[in-house]
Amino acid sequence: MSGSPYGPEVDAALAEITRVSRTLGADPSLVLHGGGNTSIKATGHDATGDEVELVLVKGSGWDLGSIEPAGFAPLRRKRLLRLLALTELTDSGMVNELRQASLDASAPTASIEALLHAHLPSRVVLHSHADAVVALTDQPDGVERAARVLGDRVAVLPYVMPGFPLARSVADADLRGVDALVLANHGLFTFADDADEALRRHLELVDLALVSAGSPRWGDEGAPVERAGSVEAIAELRRDLSLAAGTPLIVRQSASSRALRYAQRSDLREATSRGTATPEHVIRTKRAPLVGRDVAAYAADYARYVDAHRDRIPGPIEPIDPAPRVILDPELGLLTAGMSRSAADAVHDIALHTMDIVEAADRQAGYRSLDEALSFDIEYWELEQARLRSGARARLLDGEVALVTGAASGIGRATAAALLAQGASVVGVDLSPDVTDVFDGPSWRGIVGDVAEHAVLDAAVETAAREFGGLDALVVAAGIFPAGESLATLADDVWERAMRVNAGAVARALRAAHPLLAVAPRGGRVVLVSTKNVAAPGPGVAAYSASKTAAAQLARVAALEWAADGIRVNQVEPDAVFDTAIWTPGLLAERAAHYGLTVEEYRTRNLLGVEVTSALVAEAVLTFIAGLPATTGAHLSVDGGNDRVV
């Protein structure tokens with residue numbers, strides 16, 4: 001909202017609150033994955049030119065560590081204060097009113113705590129879920145303990161559910177003489193007219209709580225450890241989690257030595273049964289982790305929990321899947337699950353910080369969070385139920401994992417891009433070092449190496465299992481196209497290299513991937529990027545045509561053998577795809593001359609007269625992976641129509 005239409009005072013205020021918000025959000029011990037919120041008050045002007053008192057509140061979906069001025073919603077403060085005078089207001093009604101109070105219909109929906117921000121008279125309000133403060137209040141005597149440790153200028157209130165009830169509770173509290181507010185099991189608010197003073201006071205109070213907590217290193221993973229357990233065991237666990245969730249999940253195995261030690265505690269089940277550190281975490285992590293690997297028992301206990309408390313919510317409820325999101329196992333350590341690698345990462349960080357909070361509280365009076373009933377109120381909160389009922393459309397491959405060979409360029413790269421765009425996490429293999437960073441983001445892992453080497457394929461499968469939980473799809477796109485050479489003069493090394501890469505590596509990839517594909521939640525899928533040369537070989541390409549034909553036969557055998565495992569094996573057969581690494585300008589000119597064509601004529605020498613691109617081939621691959629559940633052993637030409645094949 002830089003250069004906003006509301007006047008220079010608002011622009012200056014936005015710059016100020018953005019700066020301190022980023023400072024607050026940069027410390028994960030204060031703000032973790034979208035938690036916390038901030039605000040600043042300023043006088044602006046509406047479209048008529050009239051002055052209006054605004055409270056600029058962090059919008060939902062924005063992270064304080066990276067927030068921009070556009071991440072704050074400009075709300076009419078007087079309107080919010082009138083709402084706060086009501087005795088009752090549903091949370092969905094409150095969200096609707098917050099939207100109507102905004103001067104900008106395109107601004108993000110304001111934080112659920114916007115009314116609280118409006119009520120506090122100070123110009124700047126900063127709110128965090130600081131680990132040290134949460135550890136202080138997550139104890140049997142948490143309210144009294146926090147008041148004693150933090151001093152007279154801090155008001156400490158018992159737990160009240162976030163939303164309108166919390167705002168009303170704060171509005172009814174006596175805040176004279178205080179510049180900070182602690183909400184039990186929830187977090188810390190500091191407020192001042194100067195943003196830097198509000199931040200200074202915030203950090204001062206966190207330091208006081210930190211001393212009481214024993215000064216742990218919040219969220220520290222410790223030294224990395226070699227992740228134990230077989231990849232098959234992880235893939236089977238992911239299958240069970242996904243079946244319970246009713247949708248594929250990404251599962252991350254942590255390399256944290258800190259988490260492994262925690263997972264090996266003798267009292268682990270008791271230690272992890274006492275609830276989440278803050279109420280909102282239950283939405284991401286559920287109230288307790290799974291200890292061990294018995295997903296069915298966890299799901300049954302979750303059903304009991306829902307049945308025991310469903311009467312707390314009026315009317316029907318939209319069921320939440322019973323799959324755990326945090327798993328602690330003495331051999332596998334910490335595993336976290338989510339619809340994407342980003343979601344699994346967020347759960348991982350929350351789990352580590354929760355371990356520290358639990359142990360910090362246990363060093364004092366003992367850890368105690370919300371009971372089952374209060375946790376249920378948050379998990380089945382009206383706003384969360386509305387989100388579930390909205391039925392936000394998922395991408396085709398959310399929660400799924402693919403392995404793509406030849407992923408640094410050409411058809412492999414285009415296929416990896418198509419899979420990532422549809423929500424898949426992807427492991428790419430290529431000889432080129434570029435494969436490691438050809439795509440950005442947590443859902444991509446690149447493995448550098450020759451697909452003809454056993455160790456490279458084993459590393460790719462290991463990465464798929466330990467980074468993402470398993471494997472749903474294998475796309476074999478790596479291949480070589482030897483220089484044209486007649487059969488009469490074909491060199492042994494050219495023949496052997498073609499067979500090794502184009503056929504032998506395919507057999508190894510299929511063998512390495514099979515155990516994980518066999519337990520894919522929605523059935524494994526294999527797509528071989530073949531060629532029209534299988535059906536219509538050309539002169540001078542004996543090594544290529546023969547090796548690719550051998551690979552095609554391997555795929556046909558796999559379709560026959562693996563149908564019983566629910567694995568579908570199909571082939572796409574492109575021709576004349578010239579935006580790939582094998583088609584150098586020299587080779588393109590050579591082949592065009594061989595047929596007596598110009599390069600441009602050679603590019604479109606098909607029945608439709610179109611140029612076939614890597615992206616078009618990737619669309620065909622995606623069709624086999626994301627759809628056609630009753631199809632295996634199929635061959636799909638992507639060649640513009642070839643009179644020798646048709």
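Student: Which strands does helix α8 lie across?
Tutor: Helix α8, residues 195-213, lies across β4, β5, β6 (180-183) and β7 (187-192). Its direction is at about 145 degrees to β7. Keep in mind that this is a predicted model.

Student: What span should α8 have, and what does the model give?
Tutor: The 19 residues of α8 should span 27 Å at 1.5 Å a residue. The end C-alpha atoms of α8 are 27 Å apart, so the two agree.

Student: Which residues of α8 are buried?
Tutor: A195, A198, L199, R201, H202, L205, V206, A209 and A213. They cover an arc of only 165 degrees around the axis, so they sit on the same side of α8.

Student: What caps the N-terminal end of α8?
Tutor: D194 does, with a side-chain oxygen 3.1 Å from the backbone nitrogen of D196.

Student: And what follows α8?
Tutor: G214, which has a positive phi, near 90 degrees.

Student: Back to the strands. What is their order in that sheet?
Tutor: The order is β3-β2-β1-β4-β7-β6-β5, in an open sheet of seven strands with mixed pairing. At the edges are β3 (72-76) and β5 (154-157), each of which pairs on one side only. Ignoring direction, neighbouring strands of this sheet are turned by 20 degrees against each other on average.

Student: In what sense do β1 and β2 pair?
Tutor: β1 (residues 37-45) and β2 (residues 51-58) pair in the antiparallel sense, over seven bridges. Within that pair, S39 stands opposite V57 in β2.

Student: Where does helix α1 lie?
Tutor: α1, residues 8-25, lies across β1, β2, β3 and β4 (124-128). It runs at about 175 degrees to β1.

Student: How many bridges hold β15 and β16 in their pairing?
Tutor: Four bridges, in the parallel sense, between β15 (residues 473-476) and β16 (residues 525-529). V476 stands opposite L528 in β16.

Student: I clicked on T463. Is it buried or exposed?
Tutor: T463 is buried, because its relative accessible area is 15%, and under 20% counts as buried. The residue is in helix α18 (residues 454-468).

Student: What is T463 in contact with, leaving aside its neighbours within four places in sequence?
Tutor: V427, R445, I447 and F468.

Student: Zooming out, how many helices and strands does the protein have?
Tutor: There are 23 helices and 18 strands. Of the 646 residues, 56% count as buried. The C-alpha atoms fill a box of roughly 95 × 65 × 45 Å along the principal axes.

Student: And what share of the contacts joins residues at least 24 apart?
Tutor: It is 74%, among contacts between residues at least 6 apart in sequence.

Notes. Residues numbered from 1 in each chain as written. Predicted model: local features only at pLDDT ≥ 70, side-chain atom pairs only at ≥ 80, totals over all residues. Heavy atoms only, no water. Pairing = 2+ DSSP bridges. Helix = DSSP H or I, 4+ residues; strand = E, 2+ residues; numbered from the N terminus. Axes fitted to C-alpha atoms, helices over the stretch in contact; angles between N-to-C directions. Contact = heavy atoms within 4.5 Å. Buried < 20%, exposed > 50% of the residue type's maximum accessible area, 1.4 Å probe, protein only. Expected span 1.5 Å × (residues − 1). Arc of directions from axis to C-beta. Polar contact = N/O pair within 3.5 Å; in protein donor to acceptor, adjacent residues only side chain to side chain.
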